[in-house]
Amino acid sequence: MRVAIPELDPSALYDVTVEDGHFSSVRAVAERDENDADTPELWPGFVEAHAHLALPANFDDSLDDPRISALQYLYHGITHVTDLFGFPLVKDGWEQGKRELGLPWPEVVHCGYAATATKDIDGHYGHGVEFPAPVFMLSVQDDLDTVLAANKARGATFLKVMYTEGAEQPESSKRFSRLPGNLLAHVPRVAAEHGLKAVIDCNTRDEVMQAYAFGFRIFAHPVRDVGLSAADWQTLEGARFVSTLSGLRPMIMEREDFLREYRRPGFRETQDLSNLDFVSKIEEPFGIQYEVQETRTAALVNMRDNSLAALERGALLIGTDCGNTGAFHGDALKGELDLLAGDDLGKPGLREALLRTATTTARGFFDELSGREPAGDLIAESSPATFNLIDPAAAGQPLSQLPRATYVRGTAVDRTALVRAIQDLRSTPTRGKVTV
Ligand SMILES: [Zn+2]
């Protein structure tokens with residue numbers, strides 16, 4: 001096939017062949033015309049950097065069969081998924097689909113059940129216990145070994161720690177969960193002794209600065225209470241942040257926003273359509289109901305600003321927090337790219353930087369959390385042929401466009417077959433839902 005490969009040389013066209021699931025040749029053959037709106041770009045598979053496969057994304061609180069989630073990812077060209085807690089609850093179904101459906105399947109890494117704090121003296125729980133997926137409790141330092149061993153037994157290859165209270169309000173000093181600083185200070189070190197990376201869930205600048213001082217470097221969200229200053233970024237050298245705009249945004253969206261965003265290609269084909277019925281009846285944003293509309297709107301502005309600042313510094317990971325209500329597997333990552341691009345998609349280099357971050361960079365993150373050796377060059381002779389073919393910049397499409405084609409280890413993904421498999425699962429007595 002004749003393609004452009006911006007990751008190798010944006011000014012060249014290549015001839016690429018695939019045999020036995022691997023690239024058999026990748027040869028530069030011509031110069032690329034930047035006005036060429038037809039020859040596709042070849043990018044590695046997309047990677048979701050922050051998912052929750054066992055949380056109910058649907059507005060009726062139902063949880064889709066994990067086989068459906070896997071098919072939703074593939075439909076959108078997402079070949080790798082980082083689950084930031086919950087996966088053990090749906091692992092059997094996920095693996096059953098991989099065995100039985102005879103379709104390419106996404107790869108997943110996960111953190112077991114993660115850790116949070118117990119209830120504090122004011123009656124506030126550690127963030128994470130509000131979700132219908134178990135997390136282990138940390139109370140004293142000795143709990144750490146138990147929590148790490150238990151996570152490992154669940155198949156975890158990294159640790160996720162819930163540190164935020166998640167309900168910060170302007171001018172309120174109450175920011176942290178009960179998880180005490182003197183305990184948190186040991187977590188990255190003890191995790192490292194177990195050979196595990198530690199991801200921390202924080203929201204505010206104060207939380208991030210404190211966690212950074214304790215040795216955490218991977219943050220599950222960007223800072224959302226303020227825009228970080230140049231001096232802050234200097235202090236946070238080596239820290240990385242997952243964007244997660246899609247997980248928060250449904251809180252503040254109007255009916256028209258939902259209906260517009262859920263028109264993204266592939267939504268109707270893959271998602272539970274009762275969600276469209278639900279949002280078409282929304283009278284006012286949830287944020288107004290919960291009296292957080294202004295703070296969450298401001299939070300999203302800060303999160304995007306901080307994400308773009310992170311992108312410039314090579315500190316951004318693109319993930320969605322999908323599994324939270326209204327952020328759907330597969331679809332949300334495409335929405336996330338549109339939200340990050342905003343009205344700036346034409347800005348020199350932004351489109352390529354976002355695509356690189358959602359593919360090559362995120363794959364490095366996935367491999368790192370998996371504890372495996374990094375995959376090395378993703379687009380090279382003898383590397384697994386897992387990639388998407390995407391319309392070039394000159395075609396003027398938003399980043400939420402569907403890939404023209406997706407290949408997983410040399411096998412072309414047949415979208416019609418995926419939709420049929422989803423429909424089959426949704427037409428069973430359980431309507432494609434599971435209870436965990
Ligand atoms: Zn999350």
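Between which two helices is the loop that holds L273 found?

**Figure 1. L273 in its loop.** In this predicted model, L273 is found in the loop between α10 (267–270) and α11 (274–279). L273 has 11 other C-beta atoms within 10 Å; a residue with 12 or fewer counts as exposed, so L273 is exposed. N58 lies 215 residues away from L273 along the chain, and the C-alpha atoms of the two are separated by 9.7 Å.

**Figure 2. The whole chain, for orientation.** The secondary structure comprises 16 helices and 19 strands. The radius of gyration is 21 Å, close to the 22 Å that the globule rule gives for 436 residues, so the chain is as compact as a globular protein of that length. Along the principal axes, the C-alpha atoms fill a box of roughly 65 × 50 × 40 Å. Buried residues make up 48% of the 436 in the chain. Of the contacts between residues at least 6 apart in sequence, 74% join residues at least 24 apart.

Figure 3. Strand β1 (residues 2–5) pairs with strand β2 (residues 9–19) in the antiparallel sense, over four bridges.

**Figure 4. The parallel sheet of β5, β7 and β8.** Three strands form an open sheet with parallel pairing, in the order β5-β7-β8. Its edge strands, each pairing on one side only, are β5 (46–51) and β8 (107–110). On average, neighbouring strands of this sheet are turned by 15 degrees against each other, direction ignored. Four bridges link β5 with strand β7 (residues 78–83) in the parallel sense. V47 has H80 in β7 as its bridge partner.

Figure 5. Strand β11 (residues 158–162) is mostly covered, five of its five residues being buried. In a regular strand the side chains alternate between the two faces of the sheet. In β11 both faces are covered: F158, K160 and M162 are buried on one side, and L159 and V161 are buried on the other. β11 runs parallel to strand β12 (residues 197–201), and five bridges join them. M162 stands opposite D201 in β12.

**Figure 6. The crossing of α14 and α15.** The axes of helix α14 (residues 331–341) and α15 come within 11 Å and cross at roughly 145 degrees. This crossing is right-handed. From α14, the residues that meet α15 are L333, L337, L340 and A341. Their counterparts in α15 are L350, L354 and A358.

**Figure 7. L317 and its surroundings.** L317 is placed in strand β15 (residues 316–317). Is L317 buried or exposed? L317 has 27 C-beta neighbours inside 10 Å; a residue is buried at 20 or more, so L317 counts as buried. Leaving aside neighbours within four places in sequence, L317 is in contact with A49, R240, F241, V242, T361, A362 and F365. V434 is 117 residues from L317 in sequence, and the two are 30 Å apart in space, C-alpha to C-alpha.

Note on methods
Residues numbered from 1 in each chain as written. Predicted model: local features only at pLDDT ≥ 70, side-chain atom pairs only at ≥ 80, totals over all residues. Rg over C-alpha atoms; globule rule 2.2 N^0.38 Å. Contact = placed C-beta atoms within 7 Å. Pairing = 2+ DSSP bridges. Axes fitted to C-alpha atoms, helices over the stretch in contact; angles between N-to-C directions. Left-handed = near helix turned anticlockwise from the far one by under 90°.
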